[in-house]
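The structure is shown first.

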Amino acid sequence: MSREPLLKTVLTPWSIDDAENTYHVKRWGNGYFDIGETGDINVIPRYDQPNLKINLKEVIEEMQSEGIQFPAVIRFHDILRSQVELLNKTFRNTIEEANYEGQYFGVFPVKVNQMREVIEEIVDAGSRYNYGLEAGSKPELIAALAYNTNKNSLTILNGYKDEEYLRLALLGLKIDRNIIIVIEKYSELLKLVTLAQKLDVKPIIGLRVKMMVKGRGKWEHSSGERAKFGLSIAEILNAVAYLEAEGLTDCIKLLHFHIGSQLTDIRAIKEAVQEASLVYSKLFKLGVPLEYVDVGGGLAIDYDGSQSTNDSSCNYNLAEYVSDIVHGFKQNCDLESVPHPHLVSESGRAITAHHSCVITNVIGEIHPSGTQYSTRKSTGEHIIVSNIRELEVDLTAAEKKDNHQEIYNDVVQLKSQAMQAFKLGILNLDELAKVETMYWRILNVIEQQMQNHDFIPEELNDISEMLSSQYLANFSVFQSAADSWAIDQVLPIVPISRLNEKPAKLCSLVDITCDSDGKIDKFIGHDTVANNIPMHKLNQDDDYYIGIFLTGAYQDVMGDMHNLFGRLNEVHIVSYDDDPKDFYIEEVVKGSSVDNVLSTMQYTPAIMAQVIKKEIDVQISRGKLKPREGVNLIDFYEDCLNGYTYLKQ
Ligand SMILES: *Cc1c(COP(=O)(O)O)cnc(C)c1O
């Protein structure tokens with residue numbers, strides 16, 4: 001792990017540019033976030049109004065004044081709308097400039113964020129572009145049927161399907177929706193044809209092709225021969241023959257592929273377009289009346305701002321992505337002399353990632369060298385203890401002699417000897433505590449002295465890591481940043497204010513679950529992923545709020561109930577130019593209360609309260625508790641049952 005040079009520059013002044021170079025807000029912010037002159041994070045929620053800026057600290061203050069407890073999710077509905085517009089406009093403009101003859105019919109994949117408010121906003125913002133929905137399961141289809149009421153947009157159905165799923169799809173067709181049933185598995189086709197004939201509906205069929213090209217990134221196994229979904233070329237030809245025999249050739253309207261999410265490398269997209277346009281062209285020439293090609297999802301988010309092929313980044317932007325698709329299809333279709341198909345894409349991550357963030361407060365610090373213990377020399381102390389004490393004295397001269405490495409080697413060895421001596425019963429507890437205290441003190445001094453050095457020996461690089469603090473933040477990784485835990489996804493984490501002030505220490509984050517996995521130790525580093533992040537010193541009197549950003553895709557809805565913390569309080573922010581602060585809180589959605597989460601786990605809170613009340617009554621009747629005190633205790637238990645699951649300030 002490379003040493004973060006940041007702490008070396010203690011004596012230099014600090015500017016907003018330095019903060020930007022540390023946290024890369026503009027680089028991952030995609031135009032929606034920056035650092036203001038006051039050192040607070042700004043949100044610029046509308047792409048078409050770059051001067052409309054919302055100060056995130058003011059949002060937090062307003063939430064506090066309304067009594068909304070943290071941690072909380074903040075949703076910016078304008079960002080959702082902006083992303084829907086940008087995607088659709090980019091496709092439309094590129095299609096026009098390229099003289100492409102098909103149109104764009106995008107769909108939002110519901111699985112990426114199923115929250116009703118999110119779906120409503122997306123459908124509303126997309127209605128002028130005939131932007132539709134994609135469902136991948138029966139419950140998602142049931143939601144899509146009720147929410148995608150625009151008859152000119154598409155509803156694309158993916159995922160494995162049982163008969164009920166197919167019946168629901170046919171119900172949609174009966175009420176004039178453009179529902180395209182994508183066949184993921186050959187056997188679905190037989191089920192569908194039987195059912196459609198029975199119900200006398202003409203289905204609109206899509207065929208998902210198992211692509212040879214491999215996606216790049218975490219989800220590269222979504223494509224290739226061993227992919228879970230899709231039909232091989234042989235199966236596609238069989239399907240075409242089967243449908244022809246049933247007189248249903250004209251139902252085959254769409255060719256679908258999806259080579260994985262978060263495609264980090266644009267080359268994978270170029271190759272997929274090449275492959276898919278050929279399959280489309282050849283099938284068209286065989287007489288399959290395909291009208292649409294659906295390029296699936298995969299449009300990536302640059303979470304770490306590095307514009308690279310890192311797993312949490314990508315080496316292209318929206319314009320390049322769209323251009324490669326439109327021009328790729330145009331060129332190949334022209335070469336094959338077939339019509340340009342309508343283009344469908346299923347971008348989910350790219351639509352929703354930016355629109356929400358989690359705000360939490362740091363409630364404490366865990367520091368390995370934080371404890372003070374008297375190290376005064378006692379008579380007859382063990383030689384190991386004396387040796388370490390001498391090292392501390394030598395350290396004052398080390399600045400001149402430049403023998404930090406030697407002292408470091410010695411202190412590490414002495415500490416390990418001390419442990420062994422303790423195990424053998426030679427060192428007592430008091431001596432061990434002294435060794436520990438002096439050990440950390442020495443490391444601290446070495447690290448301070450090294451800050452003035454240009455060259456730092458390899459091994460000493462690790463010291464700042466060893467000395468870094470853990471900031472304890474009021475949230476659960478399992479609820480709010482599931483992918484950070486599950487797949488090492490890097491999410492941008494930044495203090496909400498004080499960015500005009502130089503951060504004082506390197507930290508990693510731990511959450512409040514009783515789980516040692518409940519931590520975040522992957523952060524945006526200088527040119528690589530870092531194990532810790534610079535943070536400010538905690539002040540006794542001020543809350544220290546940090547934001548976990550880009551949580552709107554997947555993270556928002558994948559959280560689990562680990563430690564029964566449950567869902568977060570949520571506010572929906574809408575920008576409003578005429579307001580002095582440029583925003584208002586449109587809606588507050590209360591997070592889980594303790595009785596909510598207990599009920600989900602089959603407890604009955606009312607009975608639980610009765611159990612406690614009975615026991616308190618017993619203590620009252622025995623005279624061990626005063627009646628008034630007893631009543632207060634019962635009230636307190638019930639208040640906690642009704643209260644928020646996270647820590648109170
Ligand atoms: C998950 C999924 C998507 C969404 O992918 P993103 O990378 O989030 O855009 C689209 N299509 C299908 C079939 C999916 O399974």
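## Ligand contacts

An oxygen atom of the ligand lies 2.9 Å from a polar backbone atom of G298; a polar contact here is a pair of N or O atoms within 3.5 Å. The model is a predicted one, in which local features need pLDDT of at least 70, side-chain atom pairs count only at pLDDT 80 or more, and totals for chains, interfaces and linings use all residues. Residues are numbered from 1 along each chain as its sequence is written, and side-chain values use heavy atoms, with hydrogens and water left out.

G348 places a backbone N or O atom 2.7 Å from an oxygen atom of the ligand. From K111, a polar side-chain atom lies 2.6 Å from a ligand oxygen atom. The protein buries 92% of the 390 Å² that the ligand exposes when taken alone (Shrake-Rupley method, 1.4 Å probe).

## Surrounding shell

The ligand is surrounded by 16 residues, and K111, S261, E346, G348 and Y554 are the closest; to count, a residue needs a heavy atom within 4 Å of the ligand. By class, three residues of the shell are nonpolar, eight polar and five charged, with Gly counted as polar and Tyr as nonpolar.

## Annotated regions

UniProt, in an unreviewed entry, lists residues 382-462 as "domain: Arginine decarboxylase helical bundle"; such annotations may be inferred rather than shown by experiment. This stretch is 78% helix and 0% strand, with its end C-alpha atoms 29 Å apart (DSSP runs of H or I, at least four residues, for helices, and of E, at least two, for strands).

Residues 594-647 carry the UniProt annotation "domain: Arginine decarboxylase C-terminal helical", also from an unreviewed entry. Here the chain is 74% helix and 0% strand, and the end C-alpha atoms are 12 Å apart.

Methods:
A polar contact is a pair of N or O atoms within 3.5 Å; within protein, one must be able to donate a hydrogen and the other to accept it, and residues adjacent in sequence count only if both atoms are side-chain atoms.
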